[in-house]
Each structure stands twice: as C-alpha cells, then as structure tokens.
Amino acid sequence: MAYKSVKDLDAVDIKIIEKLCQDSSASLNDIAKELGISASTVHKRINSLKENNIIERFTILFDPMILNLKTVAFVGIELERDALMGKKKEEVLSSLSGIPYVVEIHETLAPFDLILKLRTKNVEKLRSVITSIAAIDGIMATNTILTTNRIMERFIEVPAV
C-alpha cells in the first residue's frame, strides 16, 4: 500500500503506530493479538509504513547522562542570504546533520533562521563543535545559549487507550 499522506492511514495502521510508540520492542504476535489480526499482516503493515517513511526508524530512549553527555546548548544560526533556500541551504543542513553532537535542527522565524540543540560531554567540546559549525560555508553567525540544569524533558508518547 502506497501512502500519499497521513490521511491514507487506516485504523489498523494507526493502532500499530500507537502500539509501537508505547513499546517499540513489542512482538508482532503481541500487536496482532491485541488488534485481532495475524502477525503476518502486522509485519506487512510495518514494512509498508517503513517503506513509505511513515515510520522513519526504530530507536531507544535513554538518559544521555549515562554517556556523560551533560552539556546542553541551543544554538541560533543566521544563514547567509544565498543559503536561505535552494542547494546552498541543503548543503548547510547536510553539514549540520552530519555532526553527531547536533541532536535537533529546527527552522525558525526571527531572530534566527535555524536553531540547533547540541549535547556534548563538556564545555570545551561544545566550544569545538560550535567553532566547526560557524566554519560551515553559508553560516553567517551563531548565538549560543548554554543550559545549566534540565528541569524536564518530555518525549511524545501516544497514551494507552
């Protein structure tokens, strides 16, 4: 089944996504039993959802402190005029996406063109990463906000029904 938009998802697809959001390690048999369909149907649906980029990837959530990634910063990026769209913008985004310490990239309105979330082990590494970001062709300026304490961080969860 080819999906042209989210509107093409049926109730079974939505239920499978909800179950995987609650527990991505759930077995096909468990999902199938709960939905009243066969495990092979669940398998085919998940493959189709992956092939059509409805499900982008499977991953785990963990406490970044376990890997000593305790320094968090948000970096506002101002792009050069010729990097605001087209090939130059794609190159900038590709370069930023290739930096492992960049965990999020968002396009914004004023005062920045992009905002990044970075996680590093310490301020020295953060400084090094920001220096490499500032050197990317197409980036005019950076503005860094260093966080001092994580009060709360939430991941989107589909509530159990």
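Modeller: Let's start with a definition: buried means under 20% relative accessible area, exposed over 50%, and partly exposed in between, using a 1.4 Å probe and protein chains only. This is a predicted model, where local features need pLDDT of at least 70, side-chain atom pairs count only at pLDDT 80 or more, and totals for chains, interfaces and linings use all residues. Residues are numbered from 1 along each chain as its sequence is written, and side-chain values use heavy atoms, with hydrogens and water left out.

Colleague: Which residue counts as partly exposed, at 36% relative accessibility?

Modeller: That's N68. Its phi is positive, near 60°.

Colleague: How should I read that?

Modeller: Most residues other than glycine have a negative phi, and most peptide bonds are trans. N53 also has a positive phi, near 60°, and is exposed, at 57% relative accessible area. As for the peptide bond, A110 and P111 are joined by a cis one, with omega about 5°.

Colleague: Where does P111 lie?

Modeller: In the loop between β2 (102-107) and β3 (114-120). Strands here are DSSP runs of E, at least two residues, and helices are runs of H or I, at least four, numbered from the N terminus.

Colleague: In what order do the four strands form the sheet?

Modeller: Strands of a sheet pair through backbone hydrogen bonds, either parallel or antiparallel. Here the open sheet runs β2-β3-β1-β4, with antiparallel pairing; two strands pair if DSSP finds at least two bridges between them. β2 and β4 (139-146) are at the edges with a single partner strand each, so one side of each has no neighbour in the sheet.
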